[in-house]
There are 2 protein chains.
Amino acid sequence: MKEELMELFEQRAFARLRQELANLHPADVAELLQEVDADALAVFFRLLPKEEAAETFVELDGDLQQQLIERFSDKELKAVLDELYADDAVDFLEEMPASVVKRVLRHADPQLRADINQLLRYPKDSAGSIMTTEYVDLKKDMTVEDAFLRIRKVGTDRETVYTCYVVDAARHLLGIVTAKDLLLATPETPISELMETQIISVETHDDREETTRAFDRYDLLALPVVDHEGRLVGIVTVDDALDILQEEATEDMQKMAAMTPAEESYFKTSVWVHAKNRIPWLLFLMLSAAVTGMILSYYEAAFQALPLLVSFVPMLMSTGGNCGTQSATMIIRGMALDEIKVTDLLRALWKELQIALLCGAILAAVNGLRIYFQYGRNLEMTLVIVLTLIATIVIAKILGCLLPMLAKLVKLDPAVMAAPIISTCVDAFSVTIYFQIAVKLLSELQ
Amino acid sequence: MKEELMELFEQRAFARLRQELANLHPADVAELLQEVDADALAVFFRLLPKEEAAETFVELDGDLQQQLIERFSDKELKAVLDELYADDAVDFLEEMPASVVKRVLRHADPQLRADINQLLRYPKDSAGSIMTTEYVDLKKDMTVEDAFLRIRKVGTDRETVYTCYVVDAARHLLGIVTAKDLLLATPETPISELMETQIISVETHDDREETTRAFDRYDLLALPVVDHEGRLVGIVTVDDALDILQEEATEDMQKMAAMTPAEESYFKTSVWVHAKNRIPWLLFLMLSAAVTGMILSYYEAAFQALPLLVSFVPMLMSTGGNCGTQSATMIIRGMALDEIKVTDLLRALWKELQIALLCGAILAAVNGLRIYFQYGRNLEMTLVIVLTLIATIVIAKILGCLLPMLAKLVKLDPAVMAAPIISTCVDAFSVTIYFQIAVKLLSELQ
């Protein structure tokens, strides 16, 4: 596909190319444009039908958007802006340098400019910052027939016509009517009879995660955003909710792997930014791990007398880390999905304790047998490992459960209590317990 | 809210209770029902309006669904079944014992029974298994007016009326018309003129992840599912796509933390099942970590001569593990989002190598300074740690990138090359490199 289009471009067969491009979905055109050079980019873009051009523009990466804007004549810029929804315009403006933002605002029509300025004022990651101001509004005293007239009149440039919002003169949200209700009702039915008044909505300053949770829970196609006086200021549509859901999951995974979340995709992010996102955590964890090293040093006499002790340290550290990672992942994800609440703390701890004892028993049994036979039926050594393993696993699972929930309790993101931090804590505990038990039980160390 | 409703229940104020329940969203009613006892459950459920009862039923956990069905009279069961969409029916039947499935199929009307049987035949996690067979189909020679008549006729029991599917007599999918297009067109416009013929669809046996990717990429509200001859067999709606997206992210996180993904939510999963999901991986990793232990034993003479060497082992293991975790997470998530493809292997390796060198340089510098001053300006020891750190970080980031991509190359899920496996590999490497360098450089060990 891509090769064919590039061939048409090389042959300057623009009429054919225009036709082929019009048949493609904007998301696919955008993927193609990511890979062509700056000149081809502008040519391809100018061949797109007006509406598709705007939709393609929205899908492009920030640097290509900037390249294009810099090459646009004022007229071309205006043509693209006229087709943009306010939320999409804000999405791309947030990444542009001030000069580009200024030029865009100068050429946007007054309504779009006002909308953009309003949306830019909401805090990042708030419901207000992801909503769009283009929705279909209805009045209570309209009939179904009036509603259809209104949809036909304003519908073309609304993000969705499938959920309509009934507001009063002061724009207070009174009810919601779906296009399905309208389609299945008779033309003379009053809207006030049809509208759903049990409204699920979010406030402009709510976190955007609240928004996606509402979509997930209530199977919505659009969600109204109101101000603190219940006035409708915008809506979030399900396609945006889906994007945010993906982004939030990605961010959580990155935090759980001890990284600052990246703003862009893997290859779009430069080596420097990748390194910058990773180094602070690595440094912190590296220096913390030195504590475990010092604990080891403290027991120098023990492993000087019995060097075999050292060879079990990696196994203990790795098992403790893995157990903590498992629990932390279950708890962090459970809290993100609202399946686990902070009030469930004791219940979760009790569950993890039981799981830890089960895991501990089986791991200790297997490893105990291995060590007993591998190291000449050394019962003392076997006992030390068995006891340490069980203690380590219990501590790991308890910390893996406790730390993320405590983070949430003090309003931190639970995902920052990432597995690596828990591993580092568990390491220090398990090494201490290990040598304490060894010094007490092993006759070689008496 | 919950307390008020329970009070109404205690007071047997059923008329009021019925009213209050009707005002609640089915998802909220379901949450309430999770917490009441079996008797109250049946009473509450019987107070729900017919349609809301079915929607609430769908939201309940499997064990409550089973409790309810066992208490339903045949007539009640039929009433709920009549309101269920086929895909929701299949979702809950998949979790029921055979006796319940049999009873349900006996009472479902013939069309629903046929649909359920068809859906149950598709492999788990395929597009076919998540689709619904209830959609609005149109014919090419209809007009917009005919289409509205058809929507009004069949629309009430279709999952969505916003995307309609144009099929021929053999049910080949010819085109797609949205309700928005219909609403904005004049009544006499022929459907053939209005329909979009560049169709985005999936096949019944495609993985369900393909389906969610299409929603993510193309901002769809519904996606047609066709058989291998292009005949329309069902559709997937965006609310289901959103659920699957959440589930897939959860599964990936659990795999990345070295667990078998749980089928149910955290508290719904029993201690036994949690333990069963975690133990096999823990065992495997614990026994693998013994290899690192044996490598340590091999260098017994070295740390006998210089016990200080041991105290840096936790820091090296932990840093190696964390670096590997970071890279693996970026790569696994990037592949899940289709941002990184297997063909990008060399490009990704090159990027990780550069990041590794940057991270390595900074971590080695900080730790080098610390060790130089903390351990009496011991330049040799500092050099050993600096070199080992850099080598460990490079190996960790390369393995973290390579192993998930190789897994994908041989058609395994990249997420199984979880961070814990990579850490375990890196541990063995880093300990070996550490002692090799130490033995070569340190005068105490000559």
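Mentor: Before we start, helices (H or I, at least four residues) and strands (E, at least two) are DSSP runs, numbered from the N terminus. This is a predicted model: local features need pLDDT of at least 70 and side-chain atom pairs count only at pLDDT 80 or more, while totals for chains, interfaces and linings use all residues. Residues are numbered from 1 along each chain as its sequence is written, with chains lettered from A and ligands numbered from 1 in the order in which they are written.

Trainee: Which helix of chain A gives the most to the side that touches chain B?

Mentor: The contact (C-beta atoms, placed from the backbone, within 7 Å) takes 92 residues from chain A and 92 residues from chain B. With 16 residues, the top contributor on the chain A side is helix 17 (residues 271–298).

Trainee: Do the copies meet through the same or different surfaces, and what share of the interface residues of chain A says which?

Mentor: Check which interface residues of chain A are also interface residues in chain B. The copies meet through the same surface, because that share is 100%.

Trainee: How is helix 19 of chain A set against helix 19 of chain B?

Mentor: Their axes (lines fitted to C-alpha atoms, for helices over the stretch in contact, with angles from 0 to 180 degrees between N-to-C directions) come within 11 Å and cross at roughly 40 degrees. Under 35 degrees would count as roughly parallel, over 145 as roughly antiparallel, and 65 to 115 as roughly perpendicular, with the rest oblique. Helix 19 of chain A is therefore, relative to helix 19 of chain B, oblique.

Trainee: And which residues of helix 19 of chain B are met there?

Mentor: On the chain A side, helix 19 brings A:Val313, A:Pro314, A:Met317 and A:Gly321. Across from them, helix 19 of chain B brings B:Val313, B:Pro314, B:Met317 and B:Gly321.

Trainee: Over to the sheet in chain B: in what order do the three strands come?

Mentor: Strands pair if DSSP finds at least two bridges between them. Strand 1 (136–138) and strand 3 (173–178) of chain B are the edges, each pairing on one side only. The sheet is open with mixed pairing, and the order is 1-2-3.

Trainee: What is the bridge partner of B:Val136 in strand 2?

Mentor: Strand 1 and strand 2 (residues 163–167) of chain B run parallel, joined by three bridges. In strand 2, B:Val136 is partnered by B:Cys164.

Trainee: Which residue in the turn of the hairpin between strand 2 and strand 3 of chain B has a positive phi?

Mentor: Strand 2 and strand 3 of chain B pair antiparallel over five bridges, with B:Val167 bridging to B:Leu173. Five residues separate the two strands of the hairpin. The one with a positive phi, about 70 degrees, is B:Arg171.

Trainee: Last one: at what angle to strand 1 does helix 12 of chain B run?

Mentor: Helix 12 (residues 144–154) lies across strand 1, strand 2 and strand 3 of chain B. Its angle to strand 1 of chain B is about 150 degrees.

Definitions and conventions:
Contact = placed C-beta atoms within 7 Å.
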